Amino acid sequence: MTSAEILQLVITGLTVGSIYALVGLGFNLIFNATDVINFAQGEFVVLGGILTAVAVGTAGLPLWLAAIMAIALVAALGALIDFAAISRVRRGSVMTLAMITLGLAVIVKTSLLLWVGPDPLYFDPFTPGPPLRIFGAVLQLQAIWVIGVGVLVMIALKFFFSHARIGREMLACAIDREAAQLMGINVGATVRLSFILSGALGALAGVLITPLTNATYDQGFTLALKGFAACALGGFGRASSAILGGFALGLIEAASVAVLPSGLKDSVALSILILALMIRPSGLLGGREERRHTQAM
Amino acid sequence: MGGLPRWSAGWFAVGMMASLGLAHAQEAIKLGVSEPLSGAASSLGIPVVESIKTAAEFVNGHGGIDGRQIELVIRDDQSRADVAVQNFRRLAEEGVYGIIGPNQGSNALAAAPVLLETKVPMCGFQNTISITKLGNPYIFRCQTSDSDNTRAALKFASEKLGAKNVAVLYTGDAYGTEAFAALEAEAKEMNIPIVAAEKINYGVSDTTAEWTKVLAAKPEAIILWGSGSTMSVALRNGSQLGNTAPIIGAQGVAAAAIIKSAGAAAEGVYMVTLNAPDQVTPEQQELSRIYKERNGKDYTLTIYDIIGWDAVHIYAEAIRQAGGDKAKVVEGLEKLQGLKLAGGSYTYAAGSHEGLGSDSVWIVQVKDGAMVGVQRGF
């Protein structure tokens, strides 16, 4: 393999990794407030992509307006999910809540199939033009958007959870709900906010990645699986670990294509995840269990 | 007073009996349809069922099958194998002469054993090679086989494009892997080296890693075998990586939705398929006329319009050959020799249920977002 080809695989790994990382960031938001893994996170992403594609393709709206509308709508859906389902069973176990999100994922997926059908939807990249050439390797302009926005969101979330009052309240809710309530935190409102933010973040991811991946009604599960794997690899609970986990997963996949038959890509990536978790059960950067007492967000 | 005169009631009874007797002699011929009208494959199933209905109306309007009308019994398989199996069983119980469908290869494989029990033939729309190699005498292919399609792709690459070697990108499902096995065998026979072959997992969001490996081998032509949204991602990735070698896509790539979402990356790509939308053969004229009346004069036939139409006509002719005897439909099908229909010339015989041959295979090229016929028959 030439150095240009190796560089190409690295770029591919970073591009795909940034997609996983963006999806993973959404998982972390709800997890941080409720300890629940939101299985509908992949559907938030797909919904963001499809709503934007429909608004651009059918209604002819400019991309920025379509994107803002899609993000607002999915954020509202997040609020609705919490209002109509999650908040009604707050005394239920984490498992019950996770099952509810799984059911919601199926509802969203089936509704999308009925609404737009099974064909892939697509809109043009944000920046038109040929891809960048770096020492013979190719970097798609849209990938720069995905990576760039991913890093910005990570920084914003880091600040949000360490410095903003509401972010710290959100963390407190997950660590000990009753204690948080006793300290005067409005737990219900905080959880609702986490669903709204997570919906918005998922939709933002969908808007960013659709020019690379298309938006298809049934993509949510695969995206959620990889986003979840990114979180697990990095360690659940903080933004930087989702980013690190995402990039690691993307690079592992690309590297496995270089040396093994490409059909084994997914198996190799997930096997490495299992191995990594056996050695470090709380992820590469450590999970929240380890950090609860240190507040090292 | 009151009531009808006695003679009138008598005649009425005679008339009823006569019409019942006539109805019995002219009993409709039931054809079963099991296609995906909902679920993942519904975008394929809905237009196919539409064309099946159109064909049945056409045959019925032209005297039916030796005077007997076709009655369609249509069931949705929801794109699910278990529902397809149930449909096959229920359709057989309802006394259908034959079944049209299913659309997905996995559903056909699941439903095949039911045919052995019920002895009802099936006209399936799969390209998958193995479907007629199961030793099941009731499965008839009403499509081209990928063994012909892969040969056409290789022949076109070497003879028309002058490629001295090829690379293959294929999906990891049965559709892709079976075609790749056929390509390998065929390429060996034709002495065309396959310099690289990469498998793409179904539903992946990026294929640049696979492309990087394929392009490193500097192939003179690239064969892309798969279906679904991933194919338009693959076309885009190839063009982003600056690929200049010609691409020949499978029938699964030759879909309007994939071409549309691949955009400029689909321009110039060749595809192996069953019809060239820009060219109407004499056998397609009747169908084309009906669809233009219905959908406007700019309408061009799709592959789905063609296969549904042909399946009904295949059964109609086979049942004619069988003298309208339900027990002899399989024999009737095996008597069809060079039956010219919209998709091409269908020939079946005992032990050979392929239907269309390589003479019906089209290579089309995407120009300005539309498929244009380049060559037919290999």
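In chain A, the axes of helix H3 (residues 63-84) and helix H8 (residues 187-213) come within 7 Å and cross at roughly 145°. Axes here are lines fitted to C-alpha atoms, for helices over the stretch in contact, with angles from 0 to 180 degrees between N-to-C directions. Helices (H or I, at least four residues) and strands (E, at least two) are DSSP runs, numbered from the N terminus. Among the residues that meet are Ala67(A) and Ile71(A) in H3(A), and Phe195(A) and Leu204(A) in H8(A); contact means C-beta atoms, placed from the backbone, within 7 Å.

This is a predicted model, where local features need pLDDT of at least 70 and side-chain atom pairs count only at pLDDT 80 or more, while totals for chains, interfaces and linings use all residues. Residues are numbered from 1 along each chain as its sequence is written, and chains are lettered from A and ligands numbered from 1 in the order in which they are written.

Now for chain B. Helix H8(B) (residues 229-240) is mostly covered, with 12 of its 12 residues buried (20 or more other C-beta atoms within 10 Å of the residue's own). After H8(B) comes Gly242(B), with a positive phi near 80°.

Chain B also has an open sheet of 3 strands in the order S11-S12-S13, with antiparallel pairing (strands pair if DSSP finds at least two bridges between them).

| Strand | Residues |
|---|---|
| S11(B) | residues 339-341 |
| S12(B) | residues 344-349 |
| S13(B) | residues 352-356 |

S11(B) and S13(B) stand at the edges with a single partner strand each, so one side of each lacks a neighbour in the sheet. S12(B) and S13(B) pair over 3 bridges, and Tyr346(B) has Leu356(B) in S13(B) as its bridge partner.

Technical notes: Contact = placed C-beta atoms within 7 Å.
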